[in-house]
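Please look over the sequence and the three-dimensional model before reading on. The report is meant to be read beside them.

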Amino acid sequence: MEHKLIYADNSATTPVSRAALDAMLPLFSTGYGNPSAIYSLGQEAKKCLEASRRKVAAALGARNNEIFFTSGGTEGDNWALFSVCEQYAPRGRHIISTQIEHSAVLRTLEKLEERGFEVTLLPPAENGMVSAGDLRRAIRADTILVSIMTANNVTGTILPIKELCAAAHERRVLFHTDAVQAAGHIPIGVRETGVDLLTISAHKFHGPKGAGALYARVPLIPFPLIFGGGQEKGRRSGTENVPLIAGMAAALEEAVQNMEENNRRISALRDRLIAGVLAIPGTRLTGHPEERLPGLASFVFEGLEGVEGQNLVVLLDREGICVSSGSACSVGSVNPPAPLLAMGYGQKLARSALRVSLSVYNTGDEVDRILALLPGIVETARNAGRPGF
Ligand SMILES: Cc1ncc(COP(=O)(O)O)c(C=O)c1O
């Protein structure tokens, strides 16, 4: 029997929702005006852009003038960090972040170090949490920015952003959060947490790739990284990508409206998956046992020494199942997921990591099929790792 593809890598990207597609399609064919043009076709596009801004602002509990459109999470993170450093350097040159951030933050921090900023990366606890106490101890008189993610992309652990943000604000330090994995999946109201800057990316919540937003709390105004025609109130030049922005707004609005109901269903599937995978001997769940994203579960497998989690990914792919190893490939080598190393997993165990991330489109039958196949696949991979095999 031919099995349908099972897509269980929704932390990498998600399929576009019907609502997002319906919002986008007419904007490619009939509503294609340039929002800066003064004739009606352009003004219609402008209206659509501003309606999208209102939807994104409402979903985040922000004001319309606090939302700036971007090309996605990487740009949002770069923009937030460079912008604060550019504007606040006269006050100090120290930034605090964590060892478990996405490379969009970590690589940007490296660039800032090359420009004379000093960076402290807080270590996570074994369960992936970052503590407000550690943050308080790290803040110095010259600290200008704290950047800590809302939810981790490898383990799914949700961090105590409200508490961490309060710790930064006690010392009048700005707080940015990379909410790319959290937006559309858990509540991230900016007034509730108090964050100053926040990054989201559409393709993680059933919107299109290449669209995102940066929230910057009034009176903060992001310093531009892209110069030209003065779009986005002079903060990000370039003709706005109206179709993708409208798709993002529709996807986010839908995700927030259906969040509770979706999460009940998704987390039940996730818990079934976790129970089934942990029944395989020598398997461990990574990250915090309770404070985790509804759809994400990540495991390590003992006895896979010498075998990458990537082998499991390939073996599952042969069965039509898409999951991820959480490892980052660079030229000629595979790096184990950095957050797992930071959490104290050894190189070998971290290399065996497997991340399964579910969405509202997954079914119980799909989880059952993964659970039916995985024990045999782990066994095959374990045997392949033994000397003389
Ligand atoms: C936590 C986190 N931040 C940033 C990004 C980058 O987002 P984008 O792919 O939209 O550039 C990702 C994507 O995987 C992510 O998981």
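This report describes the domains, the sheets with their helices, and the cavities.

## Basis of the report

This is a predicted model, in which local features need pLDDT of at least 70 and side-chain atom pairs count only at pLDDT 80 or more, while totals for chains, interfaces and linings use all residues. Residues are numbered from 1 along each chain as its sequence is written, and side-chain values use heavy atoms, with hydrogens and water left out.

## Two domains

The protein is divided into domain 1 (18-257) and domain 2 (259-385), with bounds taken from an automatic or database domain assignment. Their C-alpha centres lie 28 Å apart. In the contact between them (heavy atoms within 4.5 Å), 27 residues of domain 1 meet 20 residues of domain 2.

Strands of a sheet pair through backbone hydrogen bonds, either parallel or antiparallel. Here, strands (E, at least two residues) and helices (H or I, at least four residues) are DSSP runs numbered from the N terminus, and two strands pair if DSSP finds at least two bridges between them. An open sheet of seven strands has the order 2-8-7-6-5-3-4, and its pairing is mixed. Strand 2 (67-70) and strand 4 (118-122) are the edge strands, each pairing on one side only. Neighbouring strands of this sheet are turned by 20° against each other on average, direction ignored.

Strand 5 (residues 143-147) pairs with strand 6 (residues 174-178) in the parallel sense over three bridges; S147 has H176 of strand 6 as its bridge partner. Helix 3 packs on the sheet and touches strand 2, strand 3 (94-98), strand 5, strand 6, strand 7 (197-201) and strand 8 (212-216). The direction of helix 3 makes about 160° with that of strand 7; such angles run from 0 to 180 degrees between N-to-C directions, with axes fitted as lines to C-alpha atoms, for helices over the stretch in contact. Helix 6 (residues 161-170) also packs on the sheet, touching strand 5 and strand 6, and its direction makes about 155° with that of strand 6.

An open sheet of three strands has the order 9-10-14, with antiparallel pairing. Strand 9 (283-285) and strand 14 (354-357) each have a single partner strand, so one side of each is left without a neighbour in the sheet. The twist averages 25° from one strand to the next.

Four bridges join strand 10 (residues 296-301) to strand 14, and L296 has S357 of strand 14 as its bridge partner. Helix 9 (residues 259-278) lies across strand 9, strand 10 and strand 14, running at about 5° to strand 10.

## Two cavities

A cavity is a set of points, on a 1 Å grid over the protein atoms alone, where a 1.4 Å probe fits but cannot get out; lining residues have an atom within 4 Å of a point. Grid points are joined across faces, edges and corners, and a volume is the space filled by probe spheres set on the points. The structure holds two cavities of 30 Å³ or more.

The largest cavity has a volume of about 140 Å³. Its lining has 16 residues, of which N10, S11, H185, G295 and L358 lie nearest its centre. Domain 1 and domain 2 both give residues to this lining, so the largest cavity lies between them. The second largest cavity has a volume of about 30 Å³, and its lining includes S83, V84, Q87 and L197. Helix 3 (residues 73-88) supplies the largest share of that lining, three residues.

Terms used: 1 Å grid on protein atoms, 1.4 Å probe; cavity = no way out; pocket = protein on both sides within 12 Å on 5 of 7 lines; lining within 4 Å.
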